[in-house]
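Biologist: Before we discuss particular contacts, could you put the model on the screen so that we can go through it chain by chain?

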Amino acid sequence: MNSSNHRMIVETSGIVKRFGKQTVLNGVDFEMPAGVIYGISGPNGSGKSVFLRILTGLVLPDVGTVKISGENIGSEVEFPQSTGALIDRPGFIHAMSGLRNLLLLAKISGRISPGEVEEAMQVVGLDPNDHKPVRMYSTGMRQRLGLAQAIMEDPELLILDEPTNGLDFEGQREIYSYLVELRNDGKSILITSHNRDEIKILCDRVFTLTEGKLTEEPLVREFDEFEEIRSSG
Amino acid sequence: MRFLHFLAFQLRWYIWRKRWLLPLPILLFIAYRSYNAVRALGASGVTPPNAWDLLFLALGNPYNIYLAIGLLYLYLLCDLLPEPDVGQLVLMRLGSRRDWWLGKLATLTIATLVYVIGSAAVLGMIASLAFPWQAGYSTAAMNMPEQVNLPMNYFRLIDPGPPLLVISQELLLLGLGLFCFGLLMVVFTQLTQRYFIGLVAGVLILFGSFAGLSLSGPPAWAVTLPSAHLTYLTFTPVRTLPVIGSVLYWSAWIGLLAGIGYGLSRRQDHLSTTHHE
């Protein structure tokens, strides 16, 4: 990978991860500077989620090192505190409202006020005063709530696995616009999707994960209706 | 502060849920059966039974302890691990695997206390409704201890102390034993990442202990079995093991399992789960 003049937010070196006899990641080197959107595509089961989990500290690599914002994950810190993540399905307490779920998470991190939680909900198009329990949320609403929990603590790095899952076209456009806005504010965003078109719409660089290896793909944009979003801000 | 919020979340997630209502009908059934047995005891003799007799009958019955109370305890806590998706969001914010493991141990401890004390309270309430409380043993218990599930020759061979002390020791050992079984279940789940395997391991140990009760003699090595320590009321002619020995027995196992669990938690991978409440 090419080095960048920017400060590196993500640096991984020689990541290997095995589950039993299966090698999911086989020597992944990856660097990501501040203020960019990078995308990783790959078929289902290619190890995208495992890679993202390694970046969040939830999964530990067998071999290799991970640095997030300059801190070694596993030795200096166990979980990067400057990271917001939405991986796989967003998990919540289904009997509670969306706001109560987020307030509960915010209490544990202790870094934001209830007002900021409400603001995050509004940004993703959810009403904080909606008291219905999460079990009554549609797939799209749950996805938005998952995004709200990822962004609410204003992280430097956002890790988003299939961020527009379950959203309609308008919802996707809203999220894309918001992500571009975040990038323009200097945040780094790493997106994975099995849908290559989705990440080509948004990303500054695109990678493919196959057979445990990460390779960069040439970026050929085909969805020009999103040009306006990409260049906004 | 983060740890306390994490613990509050754990308790909300694992204890404040519908499955924790299950013990109620089961304990009421145990109390009902014990009540009938105590009433029959009162009807057959001249001596009036008291509330302690119901507790001795309920907690001194191995079927109640192993096949109802023990089994239900394992079921209630079988999904303490692997960490559900929402728990993983919490873990990332907690920021420490050590605190996470301590939180799991604290949750298991509080859940065990709630379960054991709650169970005794339900049985005690039913006993209060039906029979009087007395400071000492009923004459029925003194004359024929085996009729209320106290060991035979109980009062002839030892001075057991007042009934409150006996029940307290019973609950102490039951609590320690159940906690240990729960911890074993958690460690097996950590090893396999499947809560069902942890549950099966816990149930096998529980049933193995139950089978240990039927050893005739019993042989000297039987004191190493969990069945010799799980309850104060031992179902043998008289308990020869000191209570402190059983406390040390459970403490040693708990220390070992907690240490193994801590070691595993340092390297634990938290993958996606299908668990949702």
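**Two chains and their contact**

Modeller: In this predicted model, 47% of the 233 residues of chain A count as buried. Chain A is built from 7 helices and 10 strands.

Biologist: What does the radius of gyration of chain A say about how compact it is?

Modeller: Along the principal axes, the C-alpha atoms of chain A fill a box of roughly 45 × 40 × 35 Å. The globule rule gives 17 Å for 233 residues, and the computed radius of gyration is close to that, so chain A is as compact as a globular protein of that length, with a value of 17 Å.

Biologist: How many helices and strands does chain B have, and what radius of gyration goes with its 277 residues?

Modeller: The secondary structure of chain B comes to 11 helices and 0 strands, and its C-alpha trace spans about 65 × 40 × 30 Å along the principal axes. Buried residues make up 44% of the 277 residues in chain B. The globule rule gives 19 Å for that number of residues, and chain B is close to it, so it is as compact as a globular protein of that length, its radius of gyration being 20 Å.

Biologist: Which element supplies the largest share of the side of chain B that touches chain A?

Modeller: The contact takes 25 residues from chain B and 23 residues from chain A. On the side of chain B that touches chain A, α1 (2-14) and α5 (85-94) of chain B each supply at least two residues, and by class this side has 11 nonpolar, 7 polar and 7 charged residues. The largest share of it, 8 residues, comes from α5(B).

Biologist: Which residues does B:Val90 contact, leaving aside its neighbours within four places in sequence?

Modeller: B:Val90 belongs to the largest nonpolar core, of 78 residues, where it is listed with A:Ala148, A:Ile159 and A:Leu202 among those with the most contacts inside it. A second, separate core of 63 residues includes B:Leu57, B:Leu74, B:Ala120 and B:Phe179. With the neighbours in sequence left aside, B:Val90 is in contact with A:Leu105, A:Ile108, B:Phe6 and B:Phe9.

Biologist: Is B:Arg2 buried, exposed or partly exposed, and which residues does it touch beyond four places in sequence?

Modeller: B:Arg2 has its place in helix α1 of chain B and has 17 C-beta neighbours inside 10 Å, which means that it counts as partly exposed. B:Arg2 and B:Leu94 are 92 residues apart in sequence, yet their C-alpha atoms are 6.3 Å apart in space. Not counting residues up to four places away, B:Arg2 touches A:Ile108, A:Gly110 and B:Leu94.

Biologist: Which strands stand at the edges of the open sheet in chain A?

Modeller: The sheet has 4 strands in the order β2-β1-β4-β5, with antiparallel pairing. β1(A) is joined to β2(A) by 9 bridges and to β4(A) by 5 bridges, while β4(A) pairs with β5(A) over 2 bridges. The strands at the edges each have a single partner, so one side of each is left without a neighbour in the sheet, and these strands are β2 (22-33) and β5 (71-72).

Biologist: Which residue in the turn between β4(A) and β5(A) has a positive phi?

Modeller: In the pairing of these strands, A:Lys67 has A:Asn72 in β5(A) as its bridge partner. β4(A) and β5(A) form a hairpin with 2 residues between them, and the turn residue with a positive phi, about 50 degrees, is A:Ser69.

Technical notes: Residues are numbered from 1 along each chain as its sequence is written. Chains are lettered from A and ligands numbered from 1 in the order in which they are written. This is a predicted model: local features need pLDDT of at least 70, side-chain atom pairs count only at pLDDT 80 or more; totals for chains, interfaces and linings use all residues. Two residues are in contact if their C-beta atoms, placed from the backbone, lie within 7 Å. Ala, Val, Leu, Ile, Met, Phe, Trp, Tyr, Cys and Pro count as nonpolar, Asp, Glu, Lys and Arg as charged, and the others, Gly among them, as polar. A nonpolar core is a set of buried Ala, Val, Leu, Ile, Met, Phe, Trp, Tyr and Cys residues joined through C-beta atoms within 7 Å. A residue is buried if 20 or more other C-beta atoms lie within 10 Å of its own, exposed if 12 or fewer, and partly exposed in between; C-beta atoms are placed from the backbone. Two strands pair if DSSP finds at least two bridges between them. The radius of gyration is taken over C-alpha atoms; the globule rule is 2.2 Å times the number of residues to the power 0.38.
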